Every structure is written in C-alpha cells, then in structure tokens.
Amino acid sequence: MKIYIKGIDDERFHRPLRLIGNLFFEETELCFSEGEASLEVEFFMKDSGELIEINGRLRAEDGKEYVASKQRNIASHLEGKDRLRIVKNTLSYVYLTILQDFTGIIQKWGILTGIRPTKLYHKKRQEGMSEQDIHKMFKEEYLLSDEKIDLMQQIVTRQLQTVPDLDSLSNEVSIYIGIPFCPTKCAYCTFPAYAINGRQGSVTSFLGGLHYEMREIGKWLKNKGINITTVYYGGGTPTSISAEEMDMLYEEMVESFPHVEKIREITVEAGRPDTITKEKLDILNKWNIDRISINPQSYIQDTLKAIGRHHTVEETIEKYQLARQMGMNNINMDLIIGLPGEGIEEFDYSLAETAKLMPESLTVHTLSFKRASEMTRNKHKYKVASRDEISKMMDHAVTWTKEHGYKPYYLYRQKNILGNLENVGYALEGQDSIYNIMIMEEQQTIIGIGCGAASKFIHPETMKITHFANPKDPKSYNDGFEHYTEEKIKILDNLFAHKD
Ligand code: SF4
C-alpha cells in the first residue's frame, strides 16, 4: 500500500507513520510527492511552544474524506527527545484515528507499536503515577482499549507478587546461555538453530568455547560479589546435545557461577520433544534444574509436518508424561495461534489437549512472519487464518486460561505479528517464570553466553541499555569466543565500576 504523506517533511516522523500504517496494511510505503499512491493523507501541525495541535485529513480514491485532530500541552521544562516523543505520539494519534475510521479496523493496542508495553506501565508506576492515572493516560493519549490496559495491569500486579524486589534487582544479573543446535530447522524459525546431525565436531568445539565463557564470566561475578537472579538455557534446543555433554555443562555452571544455591530459577528449554530422553531428564534432576519447556506448538500432526517439526503429537505427550513421572514439576508449554492451515477448530483442539496435561505454565504466541524465516520467504505456500479468526482464537485462549486457573504474567509484541496481537505467558499460581519477567521488563542486566546470545547490559542506576551480541553461527563463535568474552567483561567493568 502506497500512501502519499503531505505536510510532514521532518524525517524523524516517518518511522512512526510507517509503523502505524503497517498495523492496517501489509508493507506500507510512504511517499512524499504526488504519484501513484492509493491514499493521500495531509497533516497540519501548529506548534506554539507549550501547545501542539495536529489536524489530519485522509482523501480516499473515491473522493471521501476522513479527518481527525488532537491537541496536547507540553510542559515548558520538556525539551529534546522528551518533547519530540509527545509530538510523535500526537501525530500517531491523529493518523491512527483516521486510519481506524477509514478501514473500520480498531487497533486495541492504539498507537503503541513497541515490543514491551508493560515496561512503559512499570515506568509510570515507578514515577509514582496511580493505577487510575496510568489507565487514563493509556486510554486518552495512546488510544489503548480497556481490555489491553486491564491485561497490562493484571500482568504488572502479578509480576510484583512474583518478584517483589523487581525495582531493586539492577545490582544482580541474569544469564542466558545459547546452544545453537536442533534436530531439524522449523519453517518459522529465525533463532540460531543448526541441524545437529553430522555436526559432532562443531558441537564439541562450540561447547569448549561455552565452558570458557561460563568460567570467565563466573570468575568476574565472583570477584565483584554480584549474584545471579536466574539462568536460562535456550537456543536452539539445549537438550539436543548428549546427556554427558549436558552433565558437564551443568557441572561447569555449579563450579563457575557464584552462589548457585541462591539462583531463583534455572530453566532449560527442552523445546523439541524428540530430544528428551530418560537419561537427560536424570541429568536435569541431578543438577536441580527446576523448570523446563516442552513445546507442542500444536497438537495437529499435519501442522507439525507443514512447519518442519519432525516429531509426532504422541511424542510430545509421551515426553511430557515421562518428565512428570521423573519429578519435573515446573513445565512450560508453548502454543502458537495462526499456524499454517489452522483455524479456530484446530486451536480449540490444541487447548483441549493442553487441558489433559495441565503444564504449570503456557505461553500463547501469535504467529509472526519474521523476515528471515523460510515461511516468510515462501509466504505464498502457507495459508494462514484471517485477522478476525486470529482475534477469536486469542479470545478463546483468554477464556480457556481463565477457566483452567492460569493467569497472565508477561507479554510481548512483535512486528508483523498476525492481527497486531501479542504473545502472552500464562501460569498457574506461583509458577511464573522469573527469567521471562526479567527479560521483558528490562530491570537488570542479562549476560548472554554462547552462540547467538544477545547480552543486554543495563546500567544499575541510569537503566541505560547497551546491547552486545555473540555471533549466531558456531564457526564464528568458535573463532572468536575469547574476544567476545573479553568485550563483555569490559562493558561489565564500566557498568559495575562502583563495585570496585
Ligand atoms: S525447535 Fe525452536 S529453535 Fe529449533 S528450529 Fe524449531 S523453532 Fe527454531
């Protein structure tokens, strides 16, 4: 969809306009001169220092016009980025209102296009705003629906019950460990995941680098007296390595990391059921790994085949039951709404199957077309449900979780997510994943170790974020793990200089 934008020459406003446009149409292209655009939107901006007023008018091809306007006061002490943000939000407000009228599509998330809406909620709470004022702000300035504001409020309340000291955890860190191997590659996947078969050499060298990183980071944390809040093994599929390799890795963790007994939660993604064995579950038990993920994604066999997950539905159920029998009492399962070929009936079936297992937590994702996935490259091959159906499936997930005692405890959004919806983590009472809360709310540093592991360094006082990524492919990781470790330690030294 090409949209001709008139009256906005400042390039800093083009990105928010594009993001809002993408909520309504696939791949919006903005143009700034008359031509072959299908829509024309003209803005009039009056900025008198402490008051900004924006009017907008959309002219459709049939000659019909849609208009909207918004005024916002801007406190005189606000300048730079803070002031610009208010102007951008006002412009987005006007643009969204016009496009909602024109298309008849109501965006429940209003003008919020960011990944972590609850982080903004926490920020306002930390600044001292009351629940009522936050609600009013989201509704009047961001055009959010009551439903989504209530969802955020429930999540924030729940997070503070699970992590009462959330606001003061910036002096600890969490650790993410990336293991980039999987039995096969799924069609929608953009994670660093390399089919493991025939790669033993590469796995062995990768693990050598990983042990090194764990030792060095562990040594640094011990020297500084910094504790670890949570550890998360992801990837890839961390259970795709052998039981012996897992055993040595957890032994390394216990030896290298400070005060392992104080770590609040250790999660291992056992995402693909085809990697789970009795032997590996024994190892997880041996090292007191208290949370695992076994991910069905769907209970429809044809869907699993279509997305390239080479395991059966029965295998998911069998491995889940095996994990249960062997004492695993905190199991997460993931489902995805909108997988190719699936509609409401199929999703309801997956929910009904989940009811038979009752995992401690259930993460409900909405399919997103990520740029680098096989599915996006061959989009025409995959038939996905309509916006309306996706939204109904999400409603079914909300009702089902409520009826079965699950409560939402974290959420995040993605670009190109079907129906502009969200991914929500639900958990039974007391079973929320602390790591998921930490990664979403960005209240402490997460050190990424291993392949494709992204570190997010958060300054303990200013909360300023610095990103650092380890390479995604095992070869580059093997060639440079010492360098990446050193770089991270340099950043950590700066961040925690007050600990010297
Ligand atoms: S199991 Fe997960 S990480 Fe591995 S290929 Fe599939 S989606 Fe990607």
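Which residues does Val94 touch, not counting residues up to four places away in sequence? They are Phe43, Ile54, Gly56, Ala68, Ser69 and Lys70. The structure is a predicted model. The chain has 500 residues, of which 41% count as buried, and its domain assignment gives two entries, domain 1 (1-105) and domain 2 (166-494).

**Overall form**

- The chain contains 15 helices and 18 strands.
- Its radius of gyration is 24 Å, close to the 23 Å that the globule rule gives for 500 residues, so the chain is as compact as a globular protein of that length.
- Taken along the principal axes, the C-alpha atoms of the chain fill a box of roughly 70 × 55 × 45 Å.
- Of the contacts in the chain between residues at least 6 apart in sequence, 74% join residues at least 24 apart.
- The C-alpha centres of domain 1 and domain 2 are 38 Å apart.

**Val94 and its surroundings**

- Val94 is part of helix 2, which covers residues 80-103.
- Val94 counts as buried because it has 25 C-beta neighbours inside 10 Å, where 20 or more are needed.
- One of the residues that Val94 touches is Ser69; the two are 25 residues apart in sequence, but their C-alpha atoms are 5.7 Å apart in space.

- Strand 10 spans residues 265-269 and is mostly covered, with five of its five residues buried.
- On one side of strand 10 the buried residues are Glu265, Thr267 and Glu269.
- Strand 9 (residues 228-235) runs parallel to strand 10, and four bridges join the two.
- Within this pairing, Tyr232 stands opposite Thr267 of strand 10.

**The ligand shell**

- Residues around the ligand include Cys182, Lys185, Cys186, Cys189, Phe191 and Ala193.
- Also surrounding the ligand are Gly235, Gly236, Thr237, Gly271 and Arg272.
- By type, the shell around the ligand divides into five nonpolar, four polar and two charged residues.
- Gly235, one of the residues around the ligand, lies within the 228-235 range of strand 9.

Key:
Residues are numbered from 1 along each chain as its sequence is written. This is a predicted model: local features need pLDDT of at least 70, side-chain atom pairs count only at pLDDT 80 or more; totals for chains, interfaces and linings use all residues. A residue is near a molecule or strand if its C-beta atom, placed from the backbone, lies within 6 Å of it. Ala, Val, Leu, Ile, Met, Phe, Trp, Tyr, Cys and Pro count as nonpolar, Asp, Glu, Lys and Arg as charged, and the others, Gly among them, as polar. Domain bounds come from an automatic or database domain assignment. The radius of gyration is taken over C-alpha atoms; the globule rule is 2.2 Å times the number of residues to the power 0.38. A residue is buried if 20 or more other C-beta atoms lie within 10 Å of its own, exposed if 12 or fewer, and partly exposed in between; C-beta atoms are placed from the backbone. Two residues are in contact if their C-beta atoms, placed from the backbone, lie within 7 Å. Two strands pair if DSSP finds at least two bridges between them.
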